Amino acid sequence: ALLIFYILGLRRIVPTNEVHIVQSSKETVVYGKDVANGKGNSYYEFPEWIPSLGVSVTVLPASVFKLSLDNYEAYDKDRLPFVVDIVSFFRIENFSLASSRVLSYDELREQLLGIVQGAVRSILAKEDLENIMSERNKYGNMFTDEVASQLKEWGVESVKNIELMDIR
């Protein structure tokens with residue numbers, strides 16, 4: 001009777017705002033609400049140490065998530081330093097690809113932050129500060145275009161243009 005309760009205790013039901021990528025010795029399966037090619041929204045999370053049955057689970061958000069780059073130090077083309085605040089919104093498009101690239105959601109956020117930082121740095125370093133300040137909207141499009149191909153490699157897409165919120 002205890003074994004039955006233990007096994008029933010291993011049953012996981014995926015919340016509607018999450019997707020669980022379950023890796024077993026044979027396959028990787030995506031569980032969650034409204035996931036294409038998914039196997040539903042419940043599974044058994046047997047410990048990894050159990051041969052053939054053990055699984056490892058990566059939990060990723062199904063909803064849109066925000067990344068903020070606050071007080072980021074940048075330089076214009078004349079190496080004049082200034083500080084910017086950048087806000088970007090993403091969603092995971094391909095959960096299998098995203099989970100194969102990282103171990104956790106936090107690690108994915110770190111990688112995406114690095115991609116955004118690189119785009120901001122490379123684009124702003126080609127412009128002078130007066131242009132940057134007077135044409136802020138233009139840079140959001142440029143940042144978004146710059147990161148698009150890299151995001152695809154991570155199974156992520158930008159939900160709207162990356163925004164240059166503040167320049168100091």
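Visitor: What volume does the largest pocket have?
Guide: In this predicted model, the largest pocket has a volume of about 160 Å³.

Visitor: Which residues line the largest pocket?
Guide: The lining consists of Val22, Ser24, Glu27, Val29, Tyr31, Tyr43, Tyr44, Phe46, Ser52, Leu53 and Val55.

Visitor: Which strands each supply at least two residues of that lining?
Guide: Two strands do: β3 (28–31) and β4 (42–44).

Visitor: And how many of the lining residues are nonpolar, polar or charged?
Guide: The lining has 8 nonpolar residues, 2 polar and 1 charged.

Visitor: New topic. How many salt bridges are there?
Guide: The count comes to 6 salt bridges. One of them joins Glu45 and Arg12, with the closest N and O atoms 2.8 Å apart.

Visitor: Where do Glu45 and Arg12 lie?
Guide: Glu45 is in the loop between β4 and β5 (56–61), while Arg12 is in strand β1 (residues 11–13), so the pair ties together parts 33 residues apart in sequence. Glu45 is partly exposed, at 27% relative accessibility. Arg12 is partly exposed too, with a relative accessible area of 29%.

Visitor: What about Arg91, which side chain does it meet in a salt bridge?
Guide: Arg91 meets Glu157, at 2.7 Å from N to O. This pair links distant parts of the chain, as Arg91 sits in strand β7 (residues 81–92) and Glu157 in strand β8 (residues 156–158), 66 residues apart. Arg91 counts as partly exposed at 32% relative accessibility, and Glu157 is partly exposed with a relative accessible area of 23%.

Visitor: Which residues are linked in a network of salt bridges?
Guide: Asp85, Asp166 and Arg168.

Visitor: Now Glu127. Is it buried or exposed?
Guide: Glu127 is buried, yet it has no salt bridge. Glu127 lies in the loop between α3 (105–124) and α4 (129–134).

Visitor: Why does Glu127 have no salt bridge?
Guide: The nearest side chain of opposite charge is Lys138, 4.3 Å away.

Visitor: What does Glu127 touch, then?
Guide: Leaving out residues up to four places away in sequence, Glu127 touches Asp76, Lys77, Ile132, Lys138, Tyr139 and Met142.

Visitor: Back to Lys138. Which residue forms a salt bridge with Lys138?
Guide: Glu135 does, and the closest N and O atoms are 3.2 Å apart. Glu135 is partly exposed at 33% relative accessibility, and Lys138 is partly exposed at 34%.

Definitions and conventions: Residues numbered from 1 in each chain as written. Predicted model: local features only at pLDDT ≥ 70, side-chain atom pairs only at ≥ 80, totals over all residues. Heavy atoms only, no water. 1 Å grid on protein atoms, 1.4 Å probe; cavity = no way out; pocket = protein on both sides within 12 Å on 5 of 7 lines; lining within 4 Å. Points joined across faces, edges and corners; volume = space filled by probe spheres on them. Helix = DSSP H or I, 4+ residues; strand = E, 2+ residues; numbered from the N terminus. Nonpolar A, V, L, I, M, F, W, Y, C, P; charged D, E, K, R; others polar. Buried < 20%, exposed > 50% of the residue type's maximum accessible area, 1.4 Å probe, protein only. Lys, Arg positive; Asp, Glu negative; His and termini not counted. Salt bridge = Lys/Arg side-chain N within 4 Å of Asp/Glu carboxyl O. Contact = heavy atoms within 4.5 Å.
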